[in-house]
Amino acid sequence: MRYSVALPNDRVDRPEEFLTAAAVADIANTVEDAGFDACFVTDHPFGGDRWLAAGGHHALEPLVQLSFAAAATTRLRLHTNIYVLPYRNPFLAAKSILSLDVLAGGRVILGVGAGYAASEFAALGVDFDERNDLLEEGIEAMKLAWTQDGVALQGRHFLARGNTMLPRPTSRPHPPIWMGGNSKRAIGRAVRSCQGWSPLPTTARRAPRTATVSSLEELRLRIALAHKEAEAIGRKEPLDICLSLLQPSPGSPDYDPQQSRSYLRALADLGVTWIGVRPVGADRKSYLDGARRFADDVIAVLR
């Protein structure tokens, strides 16, 4: 099991604690030293006010924030969880992602998803109903741009007649792509086109336009679907599975290390290979105290 920890890019309430260059560097360096394998960020460029009032959140631009984390570290992987590819022209996205991957020495993990915030799609001028098709053609377009010269590809909103993108990513043949989402379609995409799958744990209050994964049994059934799809297409490549924890987070009053270790062992038995961890804390010190506690109480013990 490996572990990716959140960079709190939503903490616009305490920007001096979490959203300065020094803060991002301090957090990234500390979690790397603590034993985490990656850090992750979310992606919400222009949230609708009603969505924000209902529990949505702001975020820094993911690749910019990860570039500051990259500069402060040497080993820590740089993980988007998730990057909403339909918001962007796939070739511009491919150039930004490969630039981070090259400058960071091949440390990018590209978690992508179709997105779910209709108000954000509208504000960005992207047809919400096209999001799944845009995601699928975007993955194809990025892979071609990263690996081939003279790319010729017709998309819904682009036409490449023979275009080349250099340099190549340091990760070969390209950064690993992890597909986010719980639906059969998302699982199928992950198995057919990606190196990993990121199921979204849901609760009654948090199920944004996706199938429910709120228990170990529901997760087991979804993983079984992935295995069935892999068998059907003859896939031999291992599929990473990254699940973000909705359990009591390190730093919260009801956090229980023993319970966390037991839960993670059960997830590992199901085939989960990565865990997303989101410590809580009113300020950077308490946030990092929670991250170090999880690393000592859980990561170090399970390893």
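Buried means under 20% relative accessible area, exposed over 50%, and partly exposed in between, for a 1.4 Å probe and protein chains only. The structure is a predicted model, in which local features need pLDDT of at least 70 and side-chain atom pairs count only at pLDDT 80 or more, while totals for chains, interfaces and linings use all residues. Residues are numbered from 1 along each chain as its sequence is written, and side-chain values use heavy atoms, with hydrogens and water left out.

Strand β4 is considered first. Val-108, Leu-110 and Val-112 point one way from β4. Ile-109, Gly-111 and Gly-113 point the other way. All of these residues are buried. Six of the six residues of β4 are buried, so the strand is largely enclosed by the rest of the structure. Helices (H or I, at least four residues) and strands (E, at least two) are DSSP runs, numbered from the N terminus.

Strand β4 (residues 108-113) pairs with β3 (residues 77-84) in the parallel sense, over five bridges. Two strands pair if DSSP finds at least two bridges between them. Leu-78 stands opposite Val-108 in β4. Val-84 stands opposite Gly-113 in β4. Eight strands close into a barrel, in the order β1-β2-β3-β4-β7-β8-β9-β10, with parallel pairing. The twist averages 25° from one strand to the next.

Helices lie against these strands. Helix α4 (residues 62-71) lies across β2 (38-41) and β3, and runs at about 175° to β3. Helix α11 (residues 284-302) packs on the sheet, where it touches β1 (2-6) and β10 (274-277). The direction of α11 makes about 170° with that of β1. Axes are lines fitted to C-alpha atoms, for helices over the stretch in contact, and angles run from 0 to 180 degrees between N-to-C directions. Contact means heavy atoms within 4.5 Å.

Helix pairs were examined next. Helix α9 (residues 216-233) and helix α10 (residues 257-270) pack at about 20°, with axes 10 Å apart. That makes α9 roughly parallel to α10. Angles under 35 degrees count as roughly parallel, over 145 as roughly antiparallel, 65 to 115 as roughly perpendicular and the rest as oblique. The crossing of α9 and α10 is right-handed, the near helix being turned clockwise from the far one by less than a right angle. Helix α9 contributes Leu-216, Leu-219, Arg-220 and Ile-223 to the contact. Helix α10 contributes Tyr-263, Ala-266, Leu-267 and Leu-270. Seven of the contact residues are nonpolar, none is polar and one is charged. Ala, Val, Leu, Ile, Met, Phe, Trp, Tyr, Cys and Pro count as nonpolar, Asp, Glu, Lys and Arg as charged, and the others, Gly among them, as polar.

The axes of helix α7 (residues 131-147) and α8 come within 12 Å and cross at roughly 10°. That makes α7 roughly parallel to α8. Asn-132, Asp-133, Leu-135, Glu-136, Ile-139 and Lys-143 of α7 meet Arg-185, Arg-189 and Ser-193 of α8. This contact has two nonpolar, two polar and five charged residues.

Two loop residues complete the description. Tyr-116 sits in the loop between β4 and α6 (118-124). Its relative accessible area is 28%, so Tyr-116 is partly exposed. Tyr-116 and Val-84 are 32 residues apart in sequence and 9.1 Å apart in space, C-alpha to C-alpha. Gln-195 sits in the loop between α8 (184-193) and β8 (196-198). At 18% relative accessibility, Gln-195 counts as buried. Not counting residues up to four places away in sequence, Gln-195 touches residues including His-174, Trp-178, Arg-235 and Asp-240.
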